[in-house]
Amino acid sequence: MKLAVFSDIHGNLEALEAFVQDAARRQVDDYICLGDVVGYGASPGQCLERLSGLPRLSLLLGNHDAAVIWQTSPYQMSSGATKAILWTMDQLSEVQTRRLASLEETVRRQDMLFCHANPYSPQGWHYVTTWFRAMRSFMASNRRLTFVGHTHRPKVITRRSWLKIQFDDPPAEAPLTLDAESRYIINCGSIGQPRDGNADGCYVIFDTNMQQVAFRRVRYDIEGAARRIEKAGLPGYLAKRLYRGR
Ligand SMILES: [Fe+2]
């Protein structure tokens, strides 16, 4: 089975569309979205609708989704994020808002766990970017594989033995073949606002039979997405950063 694991669309319809086409060409069986469908970008409602059209989709809650439905305060975010969240609240229909309110924090399947930020405090929204947070994440679950998003930077975190945890950038070319003895946290990057210096959308395809994780980069119409952000009157840097992938 092939799973497309993707995250952090952030209202970027152009990037979402490019991802959908890329994943469909690779005959993905299931789609798992790790949250942040909305926030920053100018097409939040359209992105939610486009996702509803995907077959066998699991959709999780991200921190921007939570802020839009006041599960957390939008005023505790950066000023650009706050503005975009308040704007997003006015764009969504009641049905779309209810959809966000119905999202799960985590999903478990066989030896896998999926969440937006980390498995030890899903609504604490901490980034898994340090040894300590990786350790807490591994301890919080007994699943071999954990998939996260949230940082907008793809990463492979491997635990080969009790205290030995290693952070690696994803392999550029060939897919990563998982070692049966190790545990992993895989960060699938961001579809709609990558921050690793590569402006292309990023997601992973996990082939459960081959035990291989392929990191995919997908070019999309950045100009179109940026134009919409400017036209909506959202902060200009939210458009400019898309070109830089930062
Ligand atoms: Fe995000």
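Predicted model: local features only at pLDDT ≥ 70, side-chain atom pairs only at ≥ 80, totals over all residues.
Local features rest on pLDDT of at least 70 and side-chain atom pairs on pLDDT 80 or more, while totals for chains, interfaces and linings use all residues. Residues are numbered from 1 along each chain as its sequence is written. Helices (H or I, at least four residues) and strands (E, at least two) are DSSP runs, numbered from the N terminus.

The largest nonpolar core has 64 residues. Such a core is a set of buried Ala, Val, Leu, Ile, Met, Phe, Trp, Tyr and Cys residues joined through C-beta atoms within 7 Å. A residue is buried if 20 or more other C-beta atoms lie within 10 Å of its own, exposed if 12 or fewer, and partly exposed in between; C-beta atoms are placed from the backbone. V5 and L34 touch the most other members of the core. Helix 1 (residues 13–25) gives the largest share, six residues. Beyond its neighbours within four places in sequence, V5 is in contact with I32, L34, F147, C188, Y203, V204 and F206. Contact here requires the C-beta atoms of two residues, placed from the backbone, to lie within 7 Å.

A23 lies in helix 1. A23 is buried, because 20 other C-beta atoms lie within 10 Å. Its contacts, leaving aside neighbours within four places in sequence, are A4 and V28. The C-alpha atoms of A23 and L3 are separated by 9.4 Å, and the two residues are 20 apart along the chain.

Helix 1 also packs against helix 2 (residues 44–52): their axes come within 9 Å and cross at roughly 15 degrees. Helix 1 is therefore roughly parallel to helix 2. Axes are lines fitted to C-alpha atoms, for helices over the stretch in contact, and angles run from 0 to 180 degrees between N-to-C directions. Angles under 35 degrees count as roughly parallel, over 145 as roughly antiparallel, 65 to 115 as roughly perpendicular and the rest as oblique. L13, L16, E17 and V20 of helix 1 meet Q46, C47 and R50 of helix 2.

In helix 2, the residues P44, C47 and L48 are buried. They span an arc of only 100 degrees around the axis, so they sit on the same side of helix 2. The arc is that of the directions from the helix axis to the C-beta atoms. Helix 1, helix 4 (79–91) and helix 5 (94–101) are among the elements covering these residues.

Helix 8 (residues 236–244) buries L238, A239 and L242. These residues fall within an arc of 100 degrees seen down the axis, so they line one face of helix 8. Their cover includes helix 4 and helix 7 (222–231). The face turned away carries the exposed residues G236, Y237, Y243 and R244. Just after helix 8, G245 takes a positive phi of about 65 degrees.

H64 belongs to helix 3 (residues 63–68). H64 counts as buried because it has 30 C-beta neighbours inside 10 Å. Apart from neighbours within four places in sequence, H64 is in contact with H10, D36, V38, G39 and I85.

D8 is in the loop between strand 1 (2–6) and helix 1. W70 is in the loop between helix 3 and helix 4. D8 counts as buried, with 31 C-beta neighbours inside 10 Å. W70 is exposed, with 12 other C-beta atoms within 10 Å.
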